[in-house]
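Reader: I have a structure open here and a few things to ask about it. Can we go through it piece by piece?

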Amino acid sequence: MKMIAHRGASLERTENTLDSLLLGAELGAYAVESDLRLTGDGHYVMFHDDNLLRLTGDPRRICEVTEAEMRTVLAEKNIPLLTFDDILSRYDGKSHVLLDMSVFPKEICADLYKRISEACVSFLFGVHCVWEAEIARNYVSPERILAFMPGENDFEAFYRAGAGNIRLWEQWLDRVTPETVKKACPGAEVWIMSNRPETGMNGTRESLVHLDALGADGVLLNDIRLGVEYEKEKINRSK
């Protein structure tokens, strides 16, 4: 299975920072995931939440602050701000960078996808809407588009729109499985977002064994070290 470092190596480094992404790549992740957002003054930044509350206590939304204001607020909590331009100029990891594209206005999406698709960094695109997948497929191949579906039965719509990878939440697997998706979407890969009540999105060895048995092609998890070690052990057992 492909192991995707959720928000980078987020158990060992601050999420969505360059250190987190580079450590995830160094550990051997297939891809390192990060979230792309737009500040109030038009700068692209890597940040998961749509506001600053969880990490800083500041309730303002990212779209309401300038990049400089955001940088200052984060610095007070010793959190460095990672911008999209930083990734273009400073990310030199061997792993793909999976961009969670949030949902941007349609009028800027085409230019944004065009710019990213032409970058030197190897990007994958996580899309949340069918129309985002339709725009993305004009610039990149289906295997570079991951459907972050809002509903567990949306896979056929995203697949028809151009997504070559389908993300399922772990808690959906009692109702929809990788086999279900692959029958409906020939050639698509199915990636699972780790999510268990006791460990959240960290992932567990037990969970990885289960997902492997179900035929998952990839797993997004916080504990990328665990995921990579699991895959290495599996390879060694097969020799």
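Reader: Which residue in E5 is the bridge partner of Leu-99?

Author: The bridge partner of Leu-99 in E5 is Phe-125. Before going on: this is a predicted model, in which local features need pLDDT of at least 70 and side-chain atom pairs count only at pLDDT 80 or more, while totals for chains, interfaces and linings use all residues. Residues are numbered from 1 along each chain as its sequence is written, and side-chain values use heavy atoms, with hydrogens and water left out.

Reader: In which sense do E4 and E5 pair, and over how many bridges?

Author: Strand E4 (residues 96–100) pairs with E5 in the parallel sense, over four bridges. Pairing here requires that DSSP finds at least two bridges between the two strands.

Reader: And what joins E5 to E6?

Author: Three bridges, and E5 and strand E6 (residues 145–147) run parallel. Within that pairing, Val-127 stands opposite Ala-147 in E6.

Reader: Which helices go with these strands in β-α-β units?

Author: E4, H5 and E5 make one right-handed β-α-β unit. E5, helix H6 (residues 130–136) and E6 make a right-handed unit as well. Right-handed means that, with the strands pointing away from the viewer, the path from the first strand over the helix to the second runs clockwise.

Reader: Is E5 buried or exposed?

Author: Five of the five residues of E5 are buried, so the strand is largely enclosed by the rest of the structure. Buried means under 20% relative accessible area, exposed over 50%, and partly exposed in between (1.4 Å probe, protein chains only). Phe-123, Phe-125 and Val-127 point one way from E5, while Leu-124 and Gly-126 point the other way.

Reader: Back to Phe-125. What does Phe-125 form with Tyr-113?

Author: First the total: a search of the whole structure finds four aromatic pairs. Rings of Phe, Tyr and Trp (its six-membered ring) pair if their centres lie within 6.5 Å; planes under 30 degrees apart count as stacked, over 60 as edge-to-face and the rest as tilted.

Author: Now yours: Tyr-113 and Phe-125 form a tilted aromatic pair, 5.3 Å centre to centre with 50 degrees between the planes. Tyr-113 is in helix H5 (residues 106–117) and Phe-125 in strand E5 (residues 123–127), so the pair ties together parts 12 residues apart in sequence.

Reader: Now H9. Which residues there are buried?

Author: In helix H9 (residues 205–214), Ser-207, Leu-208 and Leu-211 are buried. Seen down the axis of H9, the buried residues fall within an arc of 100 degrees, so they line one face of the helix. The arc is that of the directions from the helix axis to the C-beta atoms.

Reader: What is on the face turned away from that side?

Author: The exposed residues Glu-206 and Ala-213.

Reader: And what covers the buried residues of H9?

Author: The cover includes strand E1 (2–5), E8, strand E9 (218–221) and helix H10 (224–238), where contact means heavy atoms within 4.5 Å.

Reader: Last one. Where is Asn-78, and is it buried or exposed?

Author: Asn-78 is in the loop between helix H3 (67–75) and H4. Asn-78 is exposed, with a relative accessible area of 71%, and has a positive phi of about 60 degrees although it is not a glycine.

Notes
Helices (H or I, at least four residues) and strands (E, at least two) are DSSP runs, numbered from the N terminus.
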